[in-house]
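Here are a few notes to go with the structure you sent over. Keep the 3D view open and click along as you read.

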Amino acid sequence: MPTTATLSDLAQKLCRKAERLDALSATPDASSASTEGNVLTEAVITRRELLELAREVQTVAQTPSDFLSNHQVHYQTFACLRWLLRFDIFTLVPSDLKSISYESLASAASVPVGMLRSVTRMAITSGLFHEPEAGHIAHSFLSLPFANSEDSALRDWARFVTEYGQPSAAALADATAKWGATTARNETAYNVAFDTSLPFFEDIKQRPGRADEFSRYMISQARDDGLREEHLVHGFDWLAHFGDKAHVVDVGGSSGFVAAILAKTFSKYTFTVQDLPEAISSGRKTMDALCVPEDVSSRIQFLAHDFFQPQQKQDQRGPDAYLLRKILHDWPAERARLILSNLAAAVRDFGTPATRIVVMDTILPPPGAIPRAQEAKLRVRDLVMAQNFNAGERELAVWEELFSSAEPKLKLVEWVQPPGSAMAVMVAQLASE
Ligand SMILES: C[S@@+](CC[C@H](N)C(=O)[O-])C[C@H]1O[C@@H](n2cnc3c(N)ncnc32)[C@H](O)[C@@H]1O
């Protein structure tokens with residue numbers, strides 16, 4: 001929100017938040033990001049508000065030359081992150097917080113020592129690593145989690161955005177210059193950046209390992225407070241809508257990690273995870289990697305299904321819900337309409353009067369309606385969709401229009417915005433009911 005507050009007003013608010021956060025940090029468990037049924041603790045919310053205020057102070061105080069020189073810092077830091085990941089520096093620096101000399105580290109990573117020093121010293125200015133003694137580098141509280149040998153989620157996230165996200169963002173101007181106002185799936189910034197004529201999902205299928213990297217990136221996204229799966233579990237009243245026993249089809253459900261979290265919470269729910277064969281084939285592996293217990297994984301079945309094709313009847317009794325989480329924003333209106341139309345037809349043909357389509361995706365607020373830092377994150381999502389798919393996030397009226405354009409016609413009957421979530425949960429049913 002463009003602020004009318006003075007710098008000293010903002011600084012005072014910032015100070016009060018900092019005091020509150022210090023007090024909360026002194027309380028045991030205050031730093032835990034999530035507790036059952038309470039997705040965001042006060043500490044998490046306060047920390048987020050503190051960062052939003054700090055960003056507001058910087059935005060208001062900066063001059064045009066600060067703006068440019070700060071962005072030079074950002075893109076160089078981001079390039080360093082890519083370099084550090086590429087040469088496994090996070091995992092080669094001792095995880096017991098002891099330091100290592102630049103020479104030893106360069107030899108372990110097979111990189112030139114001068115370049116290692118320059119890259120690391122740039123990264124240190126953003127809080128990654130530190131130099132406890134001259135010429136020696138050690139982990140900082142910020143870099144250490146990237147070294148976790150048992151949990152690679154942060155590295156998976158960082159790798160994907162540095163290797164694929166940023167190059168596509170950088171190619172956006174070239175894509176617009178080349179194709180203008182296109183919605184073609186293979187005329188995107190991704191196509192320019194990776195010199196391919198295939199749409200994103202087809203291209204990643206062709207490149208060994210990339211579909212798996214994408215699936216791991218999707219899993220890692222849960223580390224972003226706004227994208228935690230708990231928002232779907234606790235931010236939407238499943239029991240009030242579907243009772244304590246239900247069958248849910250997770251359409252485009254990747255390798256089943258969202259279904260697994262729902263299945264853990266709702267012990268009598270069963271799930272069918274549908275996705276492309278490549279994603280489905282890593283379903284059982286994902287269940288093992290996430291240590292999903294047998295009594296949970298046994299309630300999840302995997303089925304290769306292309307959501308542009310009509311649904312097939314699976315059981316005598318149709319599902320209670322079709323779930324589409326982070327799916328429709330990948331597709332321009334015409335393709336999103338086809339996905340919804342296939343589901344609407346399935347609800348009509350195999351569903352009960354209570355069957356619903358549950359969509360979890362962003363509802364874009366009007367510009368300036370929420371704090372600037374929160375809006376920026378939603379605008380990132382909008383641009384990522386544009387850069388990879390020529391699609392984008394939608395405002396409420398556009399969602400309503402999209403549902404009602406399905407054949408048979410749907411209507412958006414309800415939506416909730418779970419607190420702290422980047423995405424809303426929308427419920428649609430046949431318009432004829
Ligand atoms: C952005 S991911 C969302 C994954 C998951 N629903 C989540 O909440 O993280 C989009 C998913 O759609 C799948 N997908 C893409 N094209 C598809 C198609 N034609 N049919 C079925 N799934 C598809 C991808 O493989 C991927 O798993």
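Predicted model: local features only at pLDDT ≥ 70, side-chain atom pairs only at ≥ 80, totals over all residues.

1. Start with helix H7 (residues 153–170) and helix H11 (residues 210–220), which pack at an angle of about 120 degrees with axes 8 Å apart. Angles of 65 to 115 degrees count as roughly perpendicular, and H7 and H11 are therefore oblique to each other. Their crossing is left-handed. On the H7 side, the contact includes Trp157, Phe160 and Tyr164, while H11 brings in residues including Phe214, Arg216 and Tyr217. Sorted by class, this contact has seven nonpolar, one polar and four charged residues.

2. Now look at helix H2 (residues 42–61) and helix H19 (residues 372–389), packed at about 95 degrees with their axes 8 Å apart. H2 and H19 are therefore roughly perpendicular to each other. Here Glu52, Arg55, Glu56, Thr59 and Val60 of H2 meet Arg372, Ala373, Gln374 and Ala376 of H19. That contact splits into three nonpolar, two polar and four charged residues.

3. Which residues come nearest to the ligand? Of the 17 around it, they are Gly252, Asp275, Asp306, Phe307 and Arg325.

4. Zoom in on the ligand's polar atoms. One of its oxygen atoms is 2.6 Å from an N or O atom in the Asp275 side chain. A ligand nitrogen lies 2.9 Å from an N or O atom in the side chain of Asp306. With Phe307 it's the backbone that takes part: a polar atom there is 3.0 Å from a nitrogen atom of the ligand.

Technical notes: Residues numbered from 1 in each chain as written. Heavy atoms only, no water. Axes fitted to C-alpha atoms, helices over the stretch in contact; angles between N-to-C directions. Helix = DSSP H or I, 4+ residues; strand = E, 2+ residues; numbered from the N terminus. Parallel < 35°, antiparallel > 145°, perpendicular 65-115°, else oblique. Left-handed = near helix turned anticlockwise from the far one by under 90°. Contact = heavy atoms within 4.5 Å. Nonpolar A, V, L, I, M, F, W, Y, C, P; charged D, E, K, R; others polar. Near = heavy atom within 4 Å. Polar contact = N/O pair within 3.5 Å; in protein donor to acceptor, adjacent residues only side chain to side chain.
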